[in-house]
Amino acid sequence: MKASWLRRKAAARAIPCTFLGKHLRFSRADLEAIITAGEQSPRQKRHRSG
């Protein structure tokens, strides 16, 4: 993902992070939470009856 996406989401408090002045810092727990929230289960194929 782009750095700009991270900055926007962090500024909106949509993802966990720590601000140190103007700088963003992400702990391991923050990164794991972001990854888990972004995971999607595999899509199941839909069968057409035919």
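What percentage of the 50 residues in the chain is buried? In this predicted model, buried residues account for 12% of the 50 residues. The chain exposes about 5100 Å², and 51% of this area is supplied by carbon and sulfur atoms. The secondary structure consists of 2 helices and 2 strands, arranged along the sequence in the pattern α-β-β-α.

The largest nonpolar core comprises 5 residues, namely Ala 10, Ile 15, Cys 17, Leu 24 and Ile 34.

Asp 30 is located in helix α2, which spans residues 28-38. The Asp 30 residue is buried but forms no salt bridge. Arg 25 provides the nearest side chain of opposite charge, at a distance of 10 Å. Apart from neighbours within four places in sequence, the contacts of Asp 30 are Pro 16, Cys 17, Thr 18 and Arg 25.

The loop between β2 (23-25) and α2 contains Ser 27. Ser 27 counts as partly exposed because its relative accessibility is 36%, a value between the limits of 20% for buried and 50% for exposed. The C-alpha atom of Ser 27 is 7.2 Å from that of Cys 17, although 10 residues separate the pair along the chain.

How values were computed. Residues numbered from 1 in each chain as written. Predicted model: local features only at pLDDT ≥ 70, side-chain atom pairs only at ≥ 80, totals over all residues. Heavy atoms only, no water. Helix = DSSP H or I, 4+ residues; strand = E, 2+ residues; numbered from the N terminus. Buried < 20%, exposed > 50% of the residue type's maximum accessible area, 1.4 Å probe, protein only. Lys, Arg positive; Asp, Glu negative; His and termini not counted. Salt bridge = Lys/Arg side-chain N within 4 Å of Asp/Glu carboxyl O. Contact = heavy atoms within 4.5 Å. Areas by Shrake-Rupley, 256 points an atom, 1.4 Å probe, with all protein chains shown as cover. Core = buried A, V, L, I, M, F, W, Y, C linked by side-chain atoms within 4.5 Å.
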